Amino acid sequence: MEQKVICLNRQATHEYFILDRYEAGIVLEGSEVKSLRLGNVNLKDSFCIMQNGELFIKNMHIALYDKSGAFNTKDARRDRKLLLHMSEILKINAKITQKGLTLIPLKLYFKESLIKMELGVCQGKHTYDKKRSIMEKDLKREKERQIKNYR
């Protein structure tokens, strides 16, 4: 299946340990879809909450589509409903009610003609975990450079 990535949340992999991943649909307006096709979206500082047995994404910024006229949404950071099966919602709810776990959007992408979001059940990293992951990335990068120069 074809996946064209619209936006990645690179900060999430640095700030959190990703324990589980889920794929969800998202309820959008027409002008928001057109803005997404142009890549005018930002997942930084966004998170998901559970309200009345439904999942919503908060603080996701989708820029206003300038050609939409009077019908465009005035609030670029409005709450948007996520579409999942009830069994998945119950699993996620059981996990995020545990201490220290949260639900973070990881990426937004097109799957055929639909817009999907990858969600991650995450646990926050401490500063020493972040330093260790940066050190591991640097070592891996240095090793790849040496292999490239050796050939």
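Q: What makes β8 and strand β9 (residues 114-124) a pair?
A: Two strands pair if DSSP finds at least two bridges between them, and β8 and β9 have ten, in the antiparallel sense. Strands here are DSSP runs of E of at least two residues, helices are runs of H or I of at least four, and both are numbered from the N terminus. One facing couple is Leu 103 with Val 121 in β9. This is a predicted model, in which local features need pLDDT of at least 70, side-chain atom pairs count only at pLDDT 80 or more, and totals for chains, interfaces and linings use all residues. Residues are numbered from 1 along each chain as its sequence is written, and side-chain values use heavy atoms, with hydrogens and water left out.

Q: Why is strand β8 (residues 101-111) called largely enclosed?
A: Ten of its eleven residues are buried, so the rest of the structure largely encloses β8. Buried means under 20% relative accessible area, exposed over 50%, and partly exposed in between (1.4 Å probe, protein chains only).

Q: Why is Glu 112 called exposed?
A: Its relative accessible area is 60%, so Glu 112 falls in the exposed class. Glu 112 sits in the turn of the β8-β9 hairpin, which has two residues between the strands, and has a positive phi of about 60°.

Q: Is Leu 84 buried or exposed, and how do you know?
A: Leu 84 is buried, because its relative accessible area is 16%. In space, Leu 84 and Ala 24 are 5.4 Å apart, C-alpha to C-alpha, although they are 60 residues apart in sequence.

Q: What makes Lys 107 count as lying over the face of Tyr 109?
A: A charge sits over a ring if NZ of Lys or CZ of Arg is within 6 Å of the ring centre and within 35 degrees of the ring normal. Lys 107 is 5.2 Å from the ring centre of Tyr 109 and lies over its face.

Q: Why is Lys 125 said to have no salt bridge?
A: A salt bridge is a side-chain nitrogen of Lys or Arg within 4 Å of a carboxyl oxygen of Asp or Glu. For buried Lys 125, the nearest side chain of opposite charge is Asp 129, 7.4 Å away. Lys and Arg count as positive and Asp and Glu as negative, while His and the chain ends are not counted.
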